[in-house]
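Dear colleague,

Please find below the sequence and structure that I am handing over to you. My findings follow directly after them.

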Amino acid sequence: MNPILFYGVPEGCSFGAIVALEWSGLPYQLCRIQMPEVVSGEAFKRINPVGATPSLRTADGRVVSQSLAILHHIGAASPASGLVPAPGSAAFDRFNEMLAFLNTDFFESFAPLWYAMEHGLQGEALRAVKAMGHHKVRRAHAALEGLLDGRDWLVGDRRSAADAYLMGIARWNDFHQVLDRRDYPALHALCERLQADPAVRFAHGVEHGEPVRSTGAFAGHVELDEVLATAV
């Protein structure tokens, strides 16, 4: 049984897990979950009771949720890919540090902007929440620029699952238009490098429902109803 990644659209942070699966070389399938309608429905809660994406049904039928756990699972299942450094190494500590920053400070900085959009705020409430969001996004970008400190990749001298996760969040600036990423040279260079990567282009195509060609071992989409019908 192939692993199945349940990914959220539009603009879900599941994007990073798709990129990581492409880089891993592992066979996998995808299940498209519309947000907020399907992800919060009772059917999907049979997969993930929290009602959130991404979720990964593993080859042995278990379900792993939360991006950090999924990325670690992918890395452990594909050690030759180098997506997760060896446990106990300095690179492993750096990897977890960067992944935690992305999952907390960087991710959360966009939360006010998504809230304003999803709840239809207007007038003074909209201006206040957007001002807070813009401040947080700029501060998080500045912090990440400092953490990069001129590096080509977030961890060591090669790409990792942390870079895959970064791309899923960094692209939210393209949607909200908070800042010019060129003001953060190391981060801008990394994002440009990732945007040109075939796995990242594949993930963009998948999200937008475009014809795509995998450079990994993607085995096609499966519908949620089909997964639930075959669940033990």
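In this predicted model, helix H9 spans residues 185-195, and its buried residues are Ala186, Leu187, Leu190, Cys191 and Leu194. Viewed down the axis of H9, these buried residues fall within an arc of 130°, so they line one face of the helix. The background is that an α-helix has 3.6 residues a turn, so residues three or four places apart point the same way. The cover over the buried residues of H9 includes H1, H6, H7 and helix H10 (198-207).

I turn next to the largest pocket. The space in the largest pocket amounts to about 700 Å³. Its lining is made up of 25 residues, and those nearest the centre are Glu11, Gly12, Met35, Phe107 and Glu118. Helix H4 (90-109), helix H5 (111-118) and helix H8 (172-176) are the elements that give two or more residues to this lining. H5 provides the largest share, namely four residues.

Arginine 171 is located in the loop between helix H7 (161-170) and H8. Is this residue buried or exposed? Arginine 171 counts as buried because its relative accessibility is 4%, and the cut-off for buried is under 20%. A polar atom of its side chain lies 2.8 Å from the backbone oxygen of glycine 12.

With a relative accessible area of 5%, asparagine 48 is buried. Which backbone atoms does its side chain reach? A polar atom of the asparagine 48 side chain lies 3.0 Å from the backbone nitrogen of valine 50, and the side chain reaches the backbone oxygen of alanine 52 at 2.9 Å. Beyond four places in sequence, asparagine 48 touches Ser55 and Ser65.

Some backbone features should be noted when you inspect the model. Most residues other than glycine have a negative phi, and most peptide bonds are trans. Against that background, the peptide bond joining valine 9 and proline 10 is cis, with omega about 0°. Proline 10 is placed in the loop between strand S1 (4-9) and helix H1 (15-24). The bond from threonine 53 to proline 54 is likewise cis, with omega near 0°.

Glutamine 66, a residue other than glycine, has a positive phi near 80°, and its place is in the loop between strand S4 (63-65) and helix H3 (67-77). Aspartate 149, also not a glycine, has a positive phi of about 50°. Aspartate 149 is found in the loop between helix H6 (123-148) and H7. In contrast to the buried arginine 171, aspartate 149 counts as exposed because its relative accessibility is 63%, where exposed means over 50%.

With kind regards

Definitions and conventions
Residues numbered from 1 in each chain as written. Predicted model: local features only at pLDDT ≥ 70, side-chain atom pairs only at ≥ 80, totals over all residues. Heavy atoms only, no water. 1 Å grid on protein atoms, 1.4 Å probe; cavity = no way out; pocket = protein on both sides within 12 Å on 5 of 7 lines; lining within 4 Å. Points joined across faces, edges and corners; volume = space filled by probe spheres on them. Buried < 20%, exposed > 50% of the residue type's maximum accessible area, 1.4 Å probe, protein only. Polar contact = N/O pair within 3.5 Å; in protein donor to acceptor, adjacent residues only side chain to side chain. Contact = heavy atoms within 4.5 Å. Arc of directions from axis to C-beta.
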